[in-house]
Every structure is written in structure tokens, then in C-alpha cells.
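Below is a set of questions and answers on one protein model. Please look through the sequence and coordinates before reading on.

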Amino acid sequence: MSATAKRALWATIAAAVVCVAIGLYIGLYLVNVPGSVAAVQTSSGPHLYLATVPAAALNDPHPTWVSYYGVNATSSDWRHNTTFVVPANTLVHVTIYQYDTATGLRNNFLSQPAGTVGPVDFNGTPMSVVDPASPGHTFAIPQIGLSVPLPGAPANAKNLCANAPCSLSEAHVAVTFTFRTPAKGLYRWQCFVPCAAGFIDGNGGPMQTVGYMGGFIKVI
């Protein structure tokens with residue numbers, strides 16, 4: 001084979017590889033839209049029910065990773081999605097069932113809820129600040145100034161949940177709050193407790209992966 005023919009062959013192979021890569025990108029990232037969980041309509045308005053767990057379901061690709069889930073009011077219907085759909089310019093009520101234990105905050109500023117409308121209740125008790133050592137996670141939407149600490153379930157409880165799904169009969173803290181949604185758009189939400197055990201500084205793995213400790217608020 002002549003040198004010219006070899007160059008043409010390698011150019012054809014390179015072009016084929018690029019085409020395959022583009023096809024995979026389109027198929028895996030542009031067409032494959034991740035699932036979402038929508039706030040449900042209640043007598044008091046839209047209500048979003050979420051849960052945090054010390055480890056994802058045993059059949060998850062990462063069963064040891066901490067994670068958020070979308071759930072229902074009774075914590076009986078679990079969906080592993082972290083894109084949450086809410087209406088625009090509306091007061092949305094949120095309940096988060098926190099099944100994980102405490103990790104503690106690195107920034108004590110986050111121990112004070114911010115950006116909510118009205119008080120934040122922890123197991124039915126309104127509190128304006130929590131012990132910085134008590135949160136296991138936070139729920140924050142930085143673009144709108146929302147940040148809520150999620151105190152951990154008692155570490156000495158005998159009925160701790162190990163992996164999702166969890167039930168309300170297992171140890172947890174129910175955190176409830178209300179916030180006003182912004183205009184239509186896509187907003188990033190994130191946990192700011194470095195809770196990724198086994199990763200450097202607790203900031204890898206689930207902390208940087210959409211579908212675990214971060215995701216999006218889709219305001220429609």
C-alpha cells in the first residue's frame with residue numbers, strides 16, 4: 001500500500017471514530033433526557049416531597065453513595081431523580097425526610113436557613129438556626145438565595161435506614177419549609193455538606209454527580 005493510500009485509510013478511520021463519538025454524545029446526552037419529579041398539588045398549594053439517604057438503593061449503579069430522592073408524602077413511592085419541577089412565581093411547600101446521620105458543616109453560616117418564606121420546621125419545631133455539627137446535608141438553590149440545613153437522624157438510633165428506599169418508621173428528621181419560586185427557567189440546586197465518604201475532602205462522587213447530591217429546579 002502506498003503512503004498516500006495509508007494516509008487516506010487513517011483519515012477514513014479517524015473520521016469514522018469522530019462520527020461514532022458524535023453519535024454517542026447525541027444519543028447519551030442530548031436525546032436521553034433525565035427523569036424528573038414534580039411538586040404535587042395539595043389544598044395548601046404545590047408541595048415537593050424529597051428524601052436524603054446515607055446510601056442509594058442496592059440496585060443503583062452506586063449503592064454506597066449518599067443521595068437525594070423524590071418521594072411522596074408517606075415516603076412509600078421513591079424515584080431516583082433530582083430534577084424537580086415546580087410552577088413559577090408561586091409559594092411551594094417542601095418536605096424533606098432526612099434519613100442520614102450528621103456530617104457537620106464546614107461553614108457555620110449554613111446553619112441558619114435563608115431564603116425561605118416563614119419558619120423552617122424540624123420535626124414540627126420551628127428553628128431559626130441549628131447546631132453546626134448536626135446537619136447531614138443541606139438543600140440550597142444559590143441563584144435565589146435559598147439554603148436550608150438538614151439535621152441528621154440520631155446516630156445512636158436502633159432503626160437507622162441503611163439504603164434507599166426508607167420508611168417513616170425508620171429514624172429520620174422531617175424538615176419542612178416554604179419558598180417562592182422565581183421566573184421560568186432552569187436553576188441548579190446542591191448539597192453543600194461535603195458528604196461523599198471515600199472521596200478527597202468529601203467533595204467527589206455523589207457531590208459532583210447530578211442525580212445524587214445535586215440537580216436542577218425546573219420552573220415552568
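Q: Which residue of β13 does phenylalanine 84 stand opposite?
A: This is a predicted model in which local features need pLDDT of at least 70, side-chain atom pairs count only at pLDDT 80 or more, and totals for chains, interfaces and linings use all residues. Residues are numbered from 1 along each chain as its sequence is written, and side-chain values use heavy atoms, with hydrogens and water left out. Strands here are DSSP E runs of at least two residues, numbered from the N terminus, and two of them pair if DSSP finds at least two bridges between them. β5 pairs with β13 (residues 214-219) in the parallel sense over four bridges, and the residue opposite phenylalanine 84 is isoleucine 217.

Q: Which residue stands opposite phenylalanine 84 on the side of β1?
A: β1 and β5 run parallel and are joined by two bridges. The residue opposite phenylalanine 84 in this pairing is valine 37.

Q: Which residues of β5 point the other way from Thr83 and Val85?
A: In a regular strand the side chains alternate between the two faces of the sheet. Strand β5 covers residues 83-86, and all four named residues are buried, where buried means under 20% relative accessible area, exposed over 50% and partly exposed in between, with a 1.4 Å probe and protein chains only. Thr83 and Val85 share one direction, and the other belongs to Phe84 and Val86.

Q: How many Å lie between the C-alpha atoms of alanine 39 and phenylalanine 84?
A: Alanine 39 sits in the loop between β1 (37-38) and β2 (40-42). Leaving out residues up to four places away in sequence, alanine 39 touches Pro46, His47, Leu48, Val85 and Val86, contact being heavy atoms within 4.5 Å. Alanine 39 and phenylalanine 84 are 45 residues apart in sequence, yet their C-alpha separation is 7.3 Å.

Q: Which backbone nitrogen does the side chain of threonine 138 reach?
A: Threonine 138 belongs to strand β9 (residues 135-141) and counts as buried because its relative accessible area is 0%. Beyond four places in sequence, its contacts include Tyr68, Leu105, Gln190 and Cys191. At 2.8 Å, the side chain of threonine 138 reaches the backbone nitrogen of phenylalanine 192.

Q: Which cysteine forms a disulfide with cysteine 161?
A: A disulfide is taken as a pair of cysteine sulfur atoms within 2.5 Å, and the structure holds one. The link is left-handed, with -75° about the S-S bond. Cysteine 161 is buried because its relative accessibility is 6%. With the two sulfur atoms 2.0 Å apart, its partner is cysteine 166.

Q: Is cysteine 191 buried or exposed?
A: Cysteine 166 is buried at 3% relative accessibility. Cysteine 191 is in no disulfide, and its nearest cysteine sulfur, that of cysteine 195, is 4.1 Å away. Because its relative accessibility is 0%, cysteine 191 is buried.

Q: Which proline does a cis peptide bond join to alanine 164?
A: Most residues other than glycine have a negative phi, and most peptide bonds are trans. The proline lies in the loop between β10 (146-151) and β11 (173-180). Omega of the cis bond is about 0°, and the residue joined to alanine 164 is proline 165.

Q: What is the phi of asparagine 123?
A: Asparagine 123 is found in the loop between β7 (120-122) and β8 (125-127). Although asparagine 123 is not a glycine, its phi is positive, at about 55°.

Key: Polar contact = N/O pair within 3.5 Å; in protein donor to acceptor, adjacent residues only side chain to side chain.
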